[in-house]
Amino acid sequence: MANKFNSGDNRTRSSVSIFIVAGLCCFFYLLGAWQRSGFGKGDSIALEMTKSGENCNILPNLNFETHHGGEAGIIDDPDSKVTAFKPCHTRYTDYTPCQDQGRAMTFPRENMIYRERHCPPQAEKLHCLIPAPEGYVTPFRWPKSRDYVPYANAPYKSLTVEKAIQNWIQYEGNVFRFPGGGTQFPQGADKYIDQLASVIPIANGTVRTALDTGCGVASWGAYLWKRNVIAMSFAPRDSHEAQVQFALERGVPAVIGVLGSIKVPYPSRAFDMAHCSRCLIPWGINDGLYMKEVDRVLRPGGYWVLSGPPINWKINYKAWQRPMEELQEEQRKIEEAAKLLCWEKKSEKGEIAIWQKTLDSAACRAKQESSGATFCKSEDTDDVWYKQMEQCITPNDNDNTVDLKPFPERLYAVPPRIASGSVPGVSVEAFMEDSRQWKKHVNAYRKINQIIDSGRYRNIMDMNAGLGGFAAALHSPKFWVMNVVPTIAEKNTLGVVYERGLIGIYHDWCEAFSTYPRTYDLIHANGVFSLYKDKCDFEDILLEMDRILRPEGAVIFRDEVDVLVKVRKIIGGMKWDSKMMDHEDGPLVPVKILVAVKQYWVGNSTSPQ
């Protein structure tokens, strides 16, 4: 009898408990709705609660500061065993999977095909952690990093010998010093840019985005920064060892790339200025094929700068030690291609020539049609990923760049592509709402990681940039953001990113990014893993993130909670410290935030393969 009585009593109490809990849930839900509705005294209570809890998401046990060495803490709440990834052998310290030198030499040399992207098949991918070199330290903060790079981070002295008289780079003790010189500006990039600025309106915000082809160590881009111009620089991984690596160690935007047989991974009408300073690109060959590709990515009204051979060959041919006839023919082909593209030569002085692309696209089209020019037939001029360059002119029929605001006004102005309805599914209202949301998200990030604005992070990447809202909300002269638009993204928005005065690139995260290891200080991954779910292994994406992230660099993931649980389990074996957090709007939102810091560690000769 006692047992039966107790059993019935327990059931009764259990039912009452469930009723009470359900009642309380309903009460607090209604109270919360009332507080947020704007009516009653509950508003002031809710406001005070919000103020008092503003800093509750700051992570006291996750250390974002750099220490230049040692361990960086412990992983929070190791609920389950994880697979620990081993360090790769030290010979992979500067491994670039899709520009591997050994693999490159198996491809044809014509049209620089062997210097293009050639990624390893799945079976050949490394499943280990790329080590930092012995003695690796956090790079100097900008602007000191522009002029100095720690030797241990990129221990390659060959350029100090090859480019000694050109003032590219000098080795001084335990650092490299970059005096700001270049092949075409041995007296310094500042004086060279002053020459360009006498023709090109660099100072008034009209020119904001620039493309530097064959950039060397990117001194041109480094010195444009203080003039509020951001340059996307690229150069191949070739005999000039580590030139792009040096650029990124200096804190200058750069990727490994080449003008070869494939279109460059940028949208049409993206850049205000393009530049080649003795970049050794044969501009005149194949009826100006490479000039037509520059024309595709150059906005109407944009400028093209060519300095070095063959400009002003009559005076310089002896110094260049090249036949006069060869240089004359090379310049003739360039002038011919420029005329076909409706580029007007604005200046030719010394070894520098400057052309401007016409603003009158309609008149240019009529002229080109009368001359029998071939136009590209592709309906999507931004569909460029692994697409062959074509011997045709990209039309500017839908051009709206005349409405582009000067920078920094264009950062939050409605981009012309959106105002004209050129981006399906993105209205002006949607753009404005996206900007508001990202301001809110970034404010939350600043509370989580209070050193974001301190200068600790210089090179930042957004792996799924969308409309560029993250970079716009974060904008500061202390850092820059590489806005990546995945090739599988629902909407192609990279053109919008550029119209905001930001830079970026197309990429497929099932493959390695075109950069050296340890080149980014902070990585933002919004919805990346939901996007690539069932497309490729999370493990491969995370190992690639580890490769390009500096020791003691940080990652901010924003994604569905079930996805982040899987991600967190994988990074638990990657020498990362992490912490899961609620969305800034509260725990009921299914999207969560996962923040992580890569621990400091370096390789040694006994590291396994």
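Is Arg332 buried, exposed or partly exposed, and what is its relative accessibility? I looked it up: Arg332 is partly exposed, at 40% relative accessibility. My cut-offs are under 20% relative accessible area for buried, over 50% for exposed and in between for partly exposed, with a 1.4 Å probe and protein chains only.

**Ground rules.** I am working on a predicted model, where local features need pLDDT of at least 70, side-chain atom pairs count only at pLDDT 80 or more, and totals for chains, interfaces and linings use all residues. Residues are numbered from 1 along each chain as its sequence is written, and side-chain values use heavy atoms, with hydrogens and water left out.

**Overall.** I noted 19 helices and 17 strands in the protein chain. Helices (H or I, at least four residues) and strands (E, at least two) are DSSP runs, numbered from the N terminus. The protein chain has 609 residues, and 54% of them count as buried. For contacts (heavy atoms within 4.5 Å), I took those with a separation of 6 or more: residues 24 or more positions apart account for 70% of them.

**Salt bridges.** I counted a salt bridge where a side-chain nitrogen of Lys or Arg lies within 4 Å of a carboxyl oxygen of Asp or Glu. The count comes to 36 salt bridges.

I looked at Arg332 again and found its partner in Glu329, with the closest N and O atoms 2.6 Å apart. Both residues belong to helix α11 (residues 324–340), three residues apart, about one turn of the helix. An α-helix has 3.6 residues a turn, so residues three or four places apart point the same way. Glu329 is partly exposed, at 32% relative accessibility.

I then turned to Arg103, which forms a salt bridge with Glu124 at 3.7 Å between the closest N and O atoms. This pair links distant parts of the chain, 21 residues apart: Arg103 sits in helix α3 (residues 101–104), and Glu124 in the loop between α3 and α4 (144–147). Arg103 is buried at 17% relative accessibility, whereas Glu124 is partly exposed at 47%.

Lys387 and Asp383 also meet in a salt bridge, 3.3 Å from N to O. Lys387 is partly exposed at 34%, and Asp383 is partly exposed at 35%. I also noted a network in which salt bridges with shared partners join Asp190, Asp194, Lys226 and Arg227.

**Helix α12.** Which residues of α12 (residues 361–370) are buried? I found Ser361, Cys364 and Gln368. Seen down the axis of α12, the buried residues fall within an arc of 60 degrees, so they line one face of the helix; the arc is that of the directions from the helix axis to the C-beta atoms. Ala362, Lys367 and Ser370 are exposed on the other side of α12. The cover over the buried residues of α12 includes β8 (298–307) and α11. Just after α12, I noted a positive phi of about 80 degrees at Gly372.

**Helices α9 and α11.** How do the axes of α9 (residues 285–297) and α11 cross? They come within 9 Å and cross at roughly 55 degrees. I used lines fitted to C-alpha atoms, for helices over the stretch in contact, with angles from 0 to 180 degrees between N-to-C directions. Gly288, Met291 and Lys292 in α9 meet Ile334, Ala337, Ala338 and Leu340 in α11.
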